Amino acid sequence: MTDALVLAEGLRKDFGPPRRRVRVLDGVDLALHRGEVLALLGPNGAGKTTTVRILTTLLRPDGGRATVAGHDVVRDAARVRPLISLTGQQVALDLKQSVRENLTMMGRLAHLPRRAVRGRVDELLAAFDLAGVADRRAATCSGGTRRRLDLAAGLLTRPQVLFLDEPTTGLDPRSRQAVWEVVRDVVAAGTSLFLTTQYLEEADRLADRVALVDGGRVAAEGTPAALKRQVGEASVELDLATAADADRVRGALGLPAAEGARVLAPTDGSLAHARAVLDAAAATGVVPTAWTVRQPTLDDAFLALTGHRTGAAGRPAGQSAGQSADLTAKEVAA
Ligand SMILES: Nc1ncnc2c1ncn2[C@@H]1O[C@H](COP(=O)(O)OP(=O)(O)O)[C@@H](O)[C@H]1O
Ligand SMILES: [Mg+2]
């Protein structure tokens with residue numbers, strides 16, 4: 001794929017002292033196309049940040065190659081840097097300064113002309129819903145506000161590609177929603193986005209394509225819809241007092257016989273279907289001790305796509321990854 005804005009081929013990275021080197025990246029292949037949002041999805045320690053650090057010229061790979069807009073991230077790093085922006089897991093703000101001062105300072109650090117900084121800062125304050133807190137010290141802002149500020153700072157220079165490394169980790173649900181909204185605006189304005197996340201839901205909400213990292217490689221790749229077809233949609237989970245009660249509910253829902261007092265009823269993810277399932281369960285007259293609607297998690301995705309749970313990652317350097325899942329770029333393109 002020659003038109004890829006970001007391209008990684010066989011990226012390899014080992015860490016640690018000679019005798020105990022650990023292969024963290026073991027042949028990462030990725031492509032981000034112009035105008036696209038790609039989510040690199042994986043649990044803690046999967047190698048997401050390492051990949052991003054290589055792609056943003058901060059770390060040299062031990063093998064493989066990567067380009068941004070055709071420029072090699074190692075040999076042509078100076079050409080790559082003006083095209084990209086990175087917002088990291090750690091927010092890099094001066095907490096003693098105000099929101100506006102932080103943006104202004106970062107604009108200067110990015111060598112933007114003084115006049116341009118002023119206009120751009122005003123634009124970003126408005127776009128990121130920060131105008132109301134512009135004169136507040138960053139120290140007194142909420143975590144969500146700080147993330148929005150950090151995102152705004154990443155866009156001062158109008159990068160062609162924005163790298164967001166776990167933009168919502170640690171945020172409460174409302175702040176997460178607010179960050180998602182501004183990210184969507186950024187993408188709508190034409191910035192291509194390379195995102196890492198531990199949240200299946202986040203990848204689903206934001207990404208055009210999702211790459212699942214496992215064992216230092218991209219183990220599965222495709223659209224969120226294709227991913228969900230494999231992982232399954234939300235399910236209604238009912239806990240009954242006894243296994244006999246559970247059998248009655250399973251019968252009423254047309255589910256196959258199973259053991260235990262917990263009933264798991266798959267849904268198509270719609271409210272209407274979840275409701276139909278609950279109505280049918282309620283009609284049995286059996287009262288559940290607890291019930292919930294359960295969204296698939298990253299762990300469910302791992303199990304469905306790699307055959308193991310997220311904890312089973314990590315292998316000594318030199319040993320290769322196992323079978324990939326059958327969801328591949330080829331299949332999705334077909
Ligand atoms: N500079 C480093 N030195 C040694 N080990 C590292 C270094 N950076 C990352 N690692 C290890 O590499 C693995 C992947 O880390 P990272 O890329 O940060 O994962 P993620 O961002 O997906 O959580 C982890 O096991 C981490 O401990
Ligand atoms: Mg990380």
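**A predicted protein chain and its ligand**

Alanine 69 sits in the loop that links strand S4 (63-68) to strand S5 (71-72). Here helices (H or I, at least four residues) and strands (E, at least two) are DSSP runs, numbered from the N terminus. The structure is a predicted model, in which local features need pLDDT of at least 70 and side-chain atom pairs count only at pLDDT 80 or more, while totals for chains, interfaces and linings use all residues. Residues are numbered from 1 along each chain as its sequence is written, and chains are lettered from A and ligands numbered from 1 in the order in which they are written.

Alanine 69 has 17 C-beta neighbours inside 10 Å and therefore counts as partly exposed. On this scale a residue is buried if 20 or more other C-beta atoms lie within 10 Å of its own, exposed if 12 or fewer, and partly exposed in between, with C-beta atoms placed from the backbone. Not counting residues up to four places away in sequence, alanine 69 touches Leu5, Leu83 and Gln160; two residues are in contact if their C-beta atoms, placed from the backbone, lie within 7 Å. Histidine 33 is 36 residues from alanine 69 in sequence, and their C-alpha atoms are 9.7 Å apart in space.

The view can now widen to the whole chain. The protein chain contains twelve helices and 13 strands, and its C-alpha atoms fill a box of roughly 70 × 50 × 40 Å, taken along the principal axes. Of its 334 residues, 39% count as buried. Among contacts in the protein chain with a separation of 6 or more, 70% come from residues 24 or more positions apart.

Next comes the ligand. Around ligand 1 stand Phe15, Gly16, Val24, Gly42, Asn44, Gly45, Ala46, Gly47, Lys48, Thr49 and Thr50, where a residue is near a molecule or strand if its C-beta atom, placed from the backbone, lies within 6 Å of it. Helix H1 (residues 48-55) gives the most to this shell, with three residues. Sorted by class, the shell around ligand 1 has three nonpolar, seven polar and one charged residues. For this sorting, Ala, Val, Leu, Ile, Met, Phe, Trp, Tyr, Cys and Pro count as nonpolar, Asp, Glu, Lys and Arg as charged, and the others, Gly among them, as polar.

Phi of threonine 57 is near 75 degrees, a positive value in a residue other than glycine. Threonine 57 is buried, because 21 other C-beta atoms lie within 10 Å.

Two helix pairs come next. Helix H3 (residues 99-109) and helix H4 (residues 114-127) pack at an angle of about 135 degrees, with their axes 10 Å apart. Axes are lines fitted to C-alpha atoms, for helices over the stretch in contact, and angles run from 0 to 180 degrees between N-to-C directions. H3 is therefore oblique to H4; angles under 35 degrees count as roughly parallel, over 145 as roughly antiparallel, 65 to 115 as roughly perpendicular and the rest as oblique. In this pair Arg100, Leu103, Thr104, Gly107 and Arg108 of H3 meet Val117, Arg120, Val121, Leu124 and Leu125 of H4. The contact residues of H3 and H4 divide into five nonpolar, two polar and three charged. Between these two helices, the loop includes histidine 111, whose phi is near 65 degrees, again a positive value in a residue other than glycine. With 9 other C-beta atoms within 10 Å, histidine 111 is exposed.

In the second pair, the axes of helix H9 (residues 243-253) and helix H10 (residues 271-282) come within 9 Å and cross at roughly 130 degrees, so H9 and H10 are oblique to each other. Val249, Ala252 and Leu253 in H9 meet Val277, Ala280 and Ala281 in H10. The residues of this contact are six nonpolar, no polar and no charged.

Alanine 246 lies in H9 and counts as buried, with 23 C-beta neighbours inside 10 Å. Leaving aside neighbours within four places in sequence, alanine 246 is in contact with Leu240, Gly260, Ala261, Arg262 and Val263. Histidine 273 is found in H10 and counts as partly exposed, with 16 C-beta neighbours inside 10 Å. With its neighbours within four places in sequence left aside, histidine 273 is in contact with Thr267 and Asp268.
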